[in-house]
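Here is a short briefing on one protein model. Look over the sequence and the structure first, then read the points below.

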Amino acid sequence: MENISLGQIAAIITFASIFIGAITGIITFSKNFISKILKPLNQKIDHLEKVSTNSRNNIELELIKIILINFINDIEEGVPKTQIQKKNAYELYDRYTTLGGNSYVHDRWEKLMNEGKI
């Protein structure tokens, strides 16, 4: 240890700097390369998630519409409903409107509400 010269120390520091710089460069290159490869895959996954969510929402909307139509038909025909059934129908109607449902179901629902039947 006592025979190390300033030149050797400078060489060690230079080597360490170059080595660290090379490792940093390789890591940066690898990250950029991998992100370029994965970007199209991520875009496809995002697209599939959006399509899947829209499909699920459309299916849910249609199922809720069927349930609400059956409920409304029962009310219009005078079939008695319990408070729990009415509360459930209100919750479904809220979800229906949140999902964008606003058709003849809305008109019939409002009519029955104004008549005090639900």
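Buried residues account for 16% of the 118 residues in the protein. The model is predicted. It contains three helices and zero strands.

**Fold and overall shape**
- From the N terminus on, the order of elements is α-α-α.
- The radius of gyration is 33 Å, well over the 13 Å that the globule rule gives for 118 residues, so the protein is more spread out than a compact globule.
- Along the principal axes, the C-alpha atoms fill a box of roughly 105 × 30 × 15 Å.
- Take the contacts between residues at least 6 apart in sequence: 68% of them join residues at least 24 apart.

**Surface and charge**
- The accessible surface is about 9,200 Å². Carbon and sulfur atoms hold 62% of that surface.
- Side chains include 14 positive and 13 negative ones. The centres of the two sets lie 5 Å apart.

**Nonpolar core**
- In soluble globular proteins, nonpolar side chains tend to be buried together.
- The largest nonpolar core here has 16 residues. Those touching the most other members are Ile64, Leu68, Phe71, Tyr96, Val105, Trp109 and Ile118.
- Two or more core residues come from each of α1 (6-76), α2 (83-98) and α3 (104-114).
- The largest share, seven residues, is from α1.

**Around Tyr96**
- Which residues does Tyr96 contact, leaving aside its neighbours within four places in sequence? They are Leu61, Ile64, Lys65, Leu68, Gly101, Asn102, Ser103 and Val105.
- Among these partners, Ile64, Leu68 and Val105 are also listed with Tyr96 as core residues that touch the most other members.

Methods:
Residues numbered from 1 in each chain as written. Predicted model: local features only at pLDDT ≥ 70, side-chain atom pairs only at ≥ 80, totals over all residues. Heavy atoms only, no water. Helix = DSSP H or I, 4+ residues; strand = E, 2+ residues; numbered from the N terminus. Rg over C-alpha atoms; globule rule 2.2 N^0.38 Å. Buried < 20%, exposed > 50% of the residue type's maximum accessible area, 1.4 Å probe, protein only. Contact = heavy atoms within 4.5 Å. Areas by Shrake-Rupley, 256 points an atom, 1.4 Å probe, with all protein chains shown as cover. Lys, Arg positive; Asp, Glu negative; His and termini not counted. Charge placed at Lys NZ, Arg CZ, Asp CG, Glu CD. Core = buried A, V, L, I, M, F, W, Y, C linked by side-chain atoms within 4.5 Å.
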